[in-house]
Amino acid sequence: MSDQAKVVTVPAPSAAAESPASPAAARPVRRPALSPSRAGDFKQCPLLYRFRAVDRLPEAPTKAQVRGTMVHAVLEELFGLPAGERVPERAKELIEPAWRRLLAERTELIDLFDGPDDPALAEWLDSATTLLDGYFGLEDPRRLEPEACELLVETELSSGVLLRGYIDRVDVAPTGEIRVVDYKTGAAPREIGEAKALFQMKFYALVLWRLRNVVPRQLRLMYLADRQALAYTPDEAELERFERTLEAIWQAILRAGRTGDFRPNPSRLCDYCDHKALCPAFGGTPPPYPGWPEPDPGVETALDRAD
Ligand code: SF4
């Protein structure tokens with residue numbers, strides 16, 4: 001397998017691309033890939049991974065998740081503006097349009113509130129403003145010119161494992177030093193949260209290292225709710241170890257995928273699992289195993305969409 005690195009941008013499928021008349025063979029094959037979230041799921045609980053990546057069971061979006069998506073969209077849009085316009089007032093103006101766009105894309109979100117006059121909606125939109133205030137308390141975006149926001153990156157390790165993920169922001173100094181930035185809209189980390197965040201950041205650092213032959217100088221986590229930023233400097237030896245960890249996780253996923261043996265691993269994180277009712281650890285029965293989603297030319301597999 002080639003270990004040649006590449007940056008890919010995957011355009012949204014057009015109507016023509018989805019047309020049955022389009023020859024599938026003409027479209028690129030998207031192989032199953034490992035993303036930081038799905039790798040984290042498997043580490044936490046193999047059965048949770050199966051439910052999400054293989055069965056692709058729906059999960060009810062929470063207000064906090066949707067607010068996070070919206071704030072990320074606003075920050076991305078903010079960096080698309082001329083530097084002088086990147087001020088708090090302008091960012092706040094972007095919130096409602098971002099919410100309307102999200103609603104148009106995912107109509108089920110309408111159920112989060114009792115209509116446009118629900119006081120909870122105004123409160124929720126205000127809480128997004130507070131998160132943006134938190135962002136501006138941490139840095140001045142007028143002084144930054146990111147190389148990319150919401151960057152989709154993909155690289156294949158020499159072992160053949162395909163890594164894929166979205167990086168919130170990549171800053172590159174004139175000297176070539178790379179900084180990976182990740183915005184967190186939840187509370188600052190305690191134990192598990194911190195380990196998860198670091199796992200995700202090392203994942204991105206490894207992908208960028210393999211893509212560009214440069215170990216990112218800094219991984220910066222920005223906790224907007226608490227106005228706290230954590231910086232972390234990875235080194236080559238550590239990323240090499242991390243690469244082996246990811247390879248081991250992928251091999252374990254493939255083994256489970258062949259047999260369908262995705263075991264539950266109960267922990268206190270089960271309190272946040274949407275699939276408890278189907279989990280044998282809580283007396284439930286999972287649906288029949290649908291089989292491993294083999295890649296099919298031109299058709300995205302469940303794992304492709306698992307980012
Ligand atoms: S309830 Fe817990 S053990 Fe069961 S699938 Fe969810 S995370 Fe895994």
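User: Which residue stands opposite Ala231 in strand 5?

Analyst: Arg220 does. Keep in mind that this is a predicted model.

User: Okay. Which strands pair there, and in what sense?

Analyst: Strand 4, residues 218–223, pairs with strand 5. The sense is antiparallel, over 5 bridges.

User: What is the bridge partner of Tyr223 in strand 5?

Analyst: Gln228 is the partner of Tyr223.

User: How many residues sit between strand 4 and strand 5 in the hairpin?

Analyst: There are 4 residues between them. One to look at in the turn is Arg227. Arg227 has a positive phi of about 55°.

User: Zoom out. What is the strand order in the sheet?

Analyst: The order is 1-2-3-4-5. The sheet has 5 strands and is open, with mixed pairing.

User: Which strands stand at the edges?

Analyst: Strand 1, residues 148–156, and strand 5, residues 228–232. Each has a single partner strand, so one side of each has no neighbour in the sheet.

User: And what is the twist from one strand to the next?

Analyst: The twist averages 40°.

User: Is their crossing left-handed or right-handed?

Analyst: The crossing of helix 6 and helix 7 is right-handed.

User: Which residues make the contact?

Analyst: Helix 6 brings Ile95, Glu96 and Trp99. Helix 7 brings Leu125, Ala128 and Thr129. By class, this contact has 4 nonpolar, 1 polar and 1 charged residues.

User: What about helix 4 and helix 6, how do they cross?

Analyst: Their axes come within 9 Å and cross at roughly 120°. Helix 4 is residues 63–80. Helix 4 is therefore oblique to helix 6. The crossing is right-handed.

User: Which residues of helix 4 and helix 6 are in that contact?

Analyst: From helix 4, Val66, Thr69, Met70, Ala73 and Val74. From helix 6, Ile95, Ala98, Trp99 and Leu102. They divide into 8 nonpolar, 1 polar and no charged. Ile95 and Trp99 of helix 6 are also listed in the contact with helix 7.

User: Next pair. At what angle do helix 2 and helix 9 cross?

Analyst: Roughly 70°, with the axes within 10 Å. Helix 2 runs over residues 36–44, and helix 9 over residues 236–259.

User: Why are those two called roughly perpendicular?

Analyst: Angles from 65 to 115 degrees count as roughly perpendicular. Their crossing angle is roughly 70°, so helix 2 and helix 9 get that label. The crossing is left-handed.

User: Who meets whom in helix 2 and helix 9?

Analyst: Ala39, Phe42 and Lys43 are on the helix 2 side. They meet Leu246, Ile249, Ala252 and Ile253 in helix 9. This contact has 6 nonpolar, no polar and 1 charged residues.

User: Last topic, the ligand. How many residues surround it?

Analyst: There are 14. The closest are Cys45, Pro264, Cys270, Cys273 and Cys279.

User: What classes make up the shell around the ligand?

Analyst: The shell has 11 nonpolar, 2 polar and 1 charged residues.

Technical notes. Residues numbered from 1 in each chain as written. Predicted model: local features only at pLDDT ≥ 70, side-chain atom pairs only at ≥ 80, totals over all residues. Near = placed C-beta within 6 Å. Nonpolar A, V, L, I, M, F, W, Y, C, P; charged D, E, K, R; others polar. Left-handed = near helix turned anticlockwise from the far one by under 90°. Contact = placed C-beta atoms within 7 Å. Pairing = 2+ DSSP bridges. Axes fitted to C-alpha atoms, helices over the stretch in contact; angles between N-to-C directions. Parallel < 35°, antiparallel > 145°, perpendicular 65-115°, else oblique.
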